[in-house]
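Colleague: I am new to this structure and would like to learn how its features are read. Could you show it to me and then take me through them one at a time?

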Amino acid sequence: MSADGLTVCPSETGTTWVIQPQGPLQGTITIPGDKSISHRALMLGALASGKTTIQGLLLGEDPRSTAHCFRALGADISELNTEQVQVQGIGLGQLQEPTTVLDAGNSGTTLRLMLGILASHPDRLFTVTGDASLRSRPMGRIVKPLQQMGADIWGRQGDTLAPLAVRGRRLQPIHYPSPIASAQVKSCLMFAGLMTEGQTTITEPALSRDHSERMFAAFGADIAIDPETCSVTVTGPAQLQGQAIIVPGDISSAAFWLVAAAIVPGSDVWIENVGVNPTRTGVLEVLEQMGAKITLAHQRTVAGEPVADIHIQHSLLQGTIIEGPVIPRLVDEVPILAVAALCAQGQTIIRDAEELRVKESDRLTAMATQLQKMGAQLTELPDGLEIQGGASLQGAEVESFGDHRVGMSLAIAALNATGSTTIHRAEAASISYPNFVTTLQQLWPS
Ligand code: S3P
């Protein structure tokens, strides 16, 4: 596929994008459904009694992995070829023992949340795995607390790496003080708590995204939240009833256009129907702190989640410091914020973001090494990046490392570079944003 400014070249080893900047980005767009909410809607729909309808589901590779696994566990999930999806639930405790290995693909959320469900379903054997990236990501963070609940889980390197084998059991409730602010750890234990008699409590050092809390309550689970201590308690066993879910646009996908419009002179973009749950809006706060011109309009609540339309125009950005409790609220936006920082005046320092090293790739190393190829001055810190702003970026040949957010962040950096940029393994975008290229073409002047 080729268009002015962007050529997509498929090959046997993946897809390459060649990007030549085309001036300002202008227009009104919508973005794909929220990835975190899509996973949870499929899983809760599968575990509930009765029918769940999902409107606006993300049709990316990660939710497809979740649908694939839960079909193998007995749920009837309609084809993911339209954003309207129906799930005929099997009922909590009724999962079938699958006849094959459950493959979570590239999706950490699928594997980690599902493990809490599998471990608490007695008398069935499950084996779970994923792609090479997922098989290298830490699973001890969920296996350890599940084992404290009495779970029977086996894996490579002291039960810390997938593939994992799980023999489901009746678990004991625990109070788990999680050492990391991770919605995946929290949600894994919340899912385990659904089947477990008594109170399962998870306390986090800072608040991570709360989509599970909102959706558990909507499906009828007994759940209590203490915002003061960042704690959530699930009292099981639960009775879940199928729901009508509406998935808002993913702010993590909107972030690419927020930064693109902020850094490309003359840009003026409206992004409609964006989820603006306060546990996810760190990116808006940091961009505003840097001087971005952002307005939220038509703020509303849709199916329990805050939603708004967002207007963003180009402006001169200033460097900033990004650290502390805001990090979990923008954890997936660090790569694209690094691009914004390069185009700002002055220095930006990102700290407390060591979690970035265990995402789909080591995102600190990936962004530092690839942006350096484009002439950026930035240094890797053990837990972040130190970025010198005011860079004049030059087109270069760069690599996504198979990481969707790295590939798309580099594509946005390319919009502010001189000459053309070649991005290898750009097909990774389909994990969370299958129509990224179409939206970019839509925003360029025709
Ligand atoms: C997610 C939580 C985050 C995030 C991931 C999705 C979720 O991971 O990076 O893309 O849906 O719960 P951690 O909870 O491990 O930080």
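Modeller: Let us begin with domains, whose bounds come from an automatic or database domain assignment. This is a predicted model, in which local features need pLDDT of at least 70 and side-chain atom pairs count only at pLDDT 80 or more, while totals for chains, interfaces and linings use all residues. Residues are numbered from 1 along each chain as its sequence is written, and side-chain values use heavy atoms, with hydrogens and water left out.

Colleague: Why does the ligand lie between domain 1 and domain 2?

Modeller: Domain 1 (2–33 + 249–443) and domain 2 (35–246) both contribute residues to the shell around the ligand, so the ligand lies between them.

Colleague: Which residues surround the ligand?

Modeller: A residue is near a molecule if one of its heavy atoms lies within 4 Å of it. Here the surrounding residues are Lys 35, Ser 36, Arg 40, Thr 109, Ser 182, Ala 183, Gln 184, Arg 209, Val 331, Asp 332 and Lys 359. Helices are DSSP runs of H or I with at least four residues, strands are runs of E with at least two, and both are numbered from the N terminus. Helices α1 (35–47) and α7 (183–195) each supply at least two residues of the shell, and the largest share, three residues, comes from α1.

Colleague: Which polar side-chain atoms lie by an oxygen atom of the ligand, and at what distance?

Modeller: A polar contact is a pair of N or O atoms within 3.5 Å. A polar side-chain atom of Arg 40 lies 2.7 Å from a ligand oxygen, and one of Asp 332 lies 2.7 Å from an oxygen atom of the ligand. For Ser 182, a side-chain N or O atom is 2.9 Å from a ligand oxygen. With accessible areas taken from the Shrake-Rupley method with a 1.4 Å probe, the ligand taken alone exposes 380 Å², of which the protein buries 96%.

Colleague: How should I read the backbone, and where are its peptide bonds cis?

Modeller: Most residues other than glycine have a negative phi, and most peptide bonds are trans. In this model a cis bond joins Ala 162 and Pro 163, with omega about 0 degrees, and Pro 163 is in strand β11 (residues 161–167). The bond from Gly 236 to Pro 237 is also cis, with omega near 0 degrees, and Pro 237 lies in the loop between β15 (231–236) and β16 (244–246).

Colleague: What is the phi of Cys 230?

Modeller: Cys 230 has a positive phi of about 50 degrees although it is not a glycine, and Cys 230 is found in the loop between β14 (222–226) and β15.

Notes: Polar contact = N/O pair within 3.5 Å; in protein donor to acceptor, adjacent residues only side chain to side chain.
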